[in-house]
Amino acid sequence: MEAIRHNWTREEVLAVYNRPLIELMYDAATVHRQYHDPREVQVSTLVSIKTGGCSEDCGYCSQAARYKTKIDKNDLMSVEQVKEAAIKAKAAGSSRVCMGAAWRNVKDNEEFDQVLEMVRTVYDLDLEVCCTLGMVTEHQAKRLASAGLYAYNHNLDTSEEHYREIISTRGYSDRLQTLENARKANLTVCSGGIIGMGEKPEDRCAMLVALANLDPHPESVPINALVAVEGTPLEDCPPTPVWDMVRMIATARIVLPATTVRLSAGRTQMTPEGQALCFMAGAGSIFSGDRLLTTPNPDIDSDTQLFAQLGLVPKAAYKDGDRPKVDESYKERQAQSEHVKWSRPGHSIARNVEKSIRNLKTKEV
Ligand code: SF4
């Protein structure tokens with residue numbers, strides 16, 4: 001049985017990544033069978049509870065206010081709207097609802113109180129609840145946990161080195177701190193990244209090392225292929241070859257044996273055969289529904305067909321962990337806000353600046 005290790009080196013992971021593909025897939029499929037039922041796939045639904053208008057400069061993101069993109073922005077959804085979306089997701093076979101808000105970080109205000117009510121409402125529907133709300137403090141994470149949150153998502157995105165080419169408004173160490181804060185609140189951790197942003201295989205492997213050397217490992221690691229959105233600094237990146245996704249998923253499978261590896265954004269660019277290779281290589285989860293925050297995703301009918309063809313079945317909620325115990329303490333805001341200083345590295349990324357200026361100029365016209 002493949003051991004769970006927390007001391008991977010970049011060289012070791014790169015050597016795994018560079019194995020002949022057929023061998024790599026076989027090795028990954030073997031590890032997958034040691035730790036997981038290969039027929040079960042966890043199906044999640046992503047609900048964008050607050051879309052657009054974000055202050056950050058993530059080069060891949062259509063929701064950054066500084067870039068001119070064609071998205072339907074919305075303010076924070078109501079609890080009722082989220083409940084409706086969660087009921088629909090459950091009926092369509094999802095066991096987890098992930099709520100995403102385009103925020104830099106969580107603030108102790110009415111909007112966060114509303115998100116906590118959403119968490120409790122979805123929890124009461126017997127669904128696993130995940131949130132991705134930006135950077136979060138330990139106390140905020142504890143409030144989310146007491147409302148019934150199961151998982152907190154915060155992606156590392158890429159290697160620390162390549163990260164500096166993609167984002168200048170927040171630091172890599174803040175990302176790691178957020179994951180630690182989620183851990184301290186006994187939340188499960190979901191953290192992965194995006195490939196196809198001009199990084200080298202070394203960057204992909206360095207990101208996996210950063211995740212694999214966390215102890216414990218994140219319970220969930222999403223692997224996204226960049227969906228290049230018009231108006232963002234990364235709009236001209238070519239589509240990621242399916243072979244790169246298979247290789248990345250297989251490598252993640254081997255270095256994080258017990259983790260659920262999520263085949264996330266970019267599935268619309270893949271054939272059913274390409275997706276089948278990803279499942280063979282150890283992917284154990286997908287997002288269902290025709291949108292992933294703001295980018296397209298296969299519709300439920302094509303996923304149902306794909307599952308039938310491949311003999312896959314959706315995994316039940318809470319199969320990998322206990323349903324959280326809830327209490328009413330989530331309603332209490334901390335008397336004094338934690339004095340957390342999230343960083344703003346503020347270095348200049350030429351293509352991010354260029355796209356922001358172009359947006360400003362269009363607004364002025
Ligand atoms: S990825 Fe998140 S933090 Fe970055 S711009 Fe988009 S919404 Fe904001």
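Mentor: One definition to start. Ala, Val, Leu, Ile, Met, Phe, Trp, Tyr, Cys and Pro count as nonpolar, Asp, Glu, Lys and Arg as charged, and the others, Gly among them, as polar. Also, keep in mind that this is a predicted model.
Trainee: OK. How do the residues of the shell around the ligand divide?
Mentor: Into 5 nonpolar, 2 polar and 2 charged.
Trainee: Which residues are around the ligand?
Mentor: Cys54, Glu56, Cys58, Cys61, Gln63, Ala64, Ala102, Arg104 and Gly134.
Trainee: New topic. What should helix H4 span, and what do its ends say?
Mentor: H4 covers residues 110-123, which is 14 residues. At 1.5 Å a residue it should span 20 Å, and its end C-alpha atoms are 20 Å apart, so the two agree.
Trainee: Which residues in H4 are buried?
Mentor: Phe112, Val115, Leu116, Met118, Val119, Val122 and Tyr123. They cover an arc of only 155° around the axis, so they sit on the same side of H4.
Trainee: Why would residues three or four places apart point the same way?
Mentor: Because an α-helix has 3.6 residues a turn.
Trainee: And what covers the buried residues of H4?
Mentor: The cover includes strands E1 (40-50), E2 (96-101) and E3 (128-132), along with helices H3 (79-91) and H5 (138-147).
Trainee: How many residues are in the largest nonpolar core?
Mentor: It has 97. Those with the most contacts inside it are Val119, Leu144, Leu149, Tyr152, Leu187 and Ile249. Helix H9, residues 242-255, gives the most to this core, with 8 residues.
Trainee: Pick one. What is Leu144 in contact with?
Mentor: Leave aside its neighbours within four places in sequence. Then Leu144 is in contact with Leu116, Val119, Cys131, Leu149, Tyr152, Ala185 and Leu187.
Trainee: Where is Thr137?
Mentor: In the loop between E3 and H5.
Trainee: Last one, helix H7. Which residues there are buried?
Mentor: Asp174, Arg175, Thr178, Leu179, Asn181 and Ala182. Seen down the axis, the buried residues of H7 fall within an arc of 160°, so they line one face.
Trainee: What do they pack against?
Mentor: H5, strand E4 (151-153) and strand E5 (188-190). Just after H7, Asn186 takes a positive phi of about 65°.

Technical notes. Residues numbered from 1 in each chain as written. Predicted model: local features only at pLDDT ≥ 70, side-chain atom pairs only at ≥ 80, totals over all residues. Helix = DSSP H or I, 4+ residues; strand = E, 2+ residues; numbered from the N terminus. Expected span 1.5 Å × (residues − 1). Buried ≥ 20, exposed ≤ 12 C-beta atoms within 10 Å, placed from the backbone. Arc of directions from axis to C-beta. Contact = placed C-beta atoms within 7 Å. Near = placed C-beta within 6 Å. Core = buried A, V, L, I, M, F, W, Y, C linked by C-beta atoms within 7 Å.
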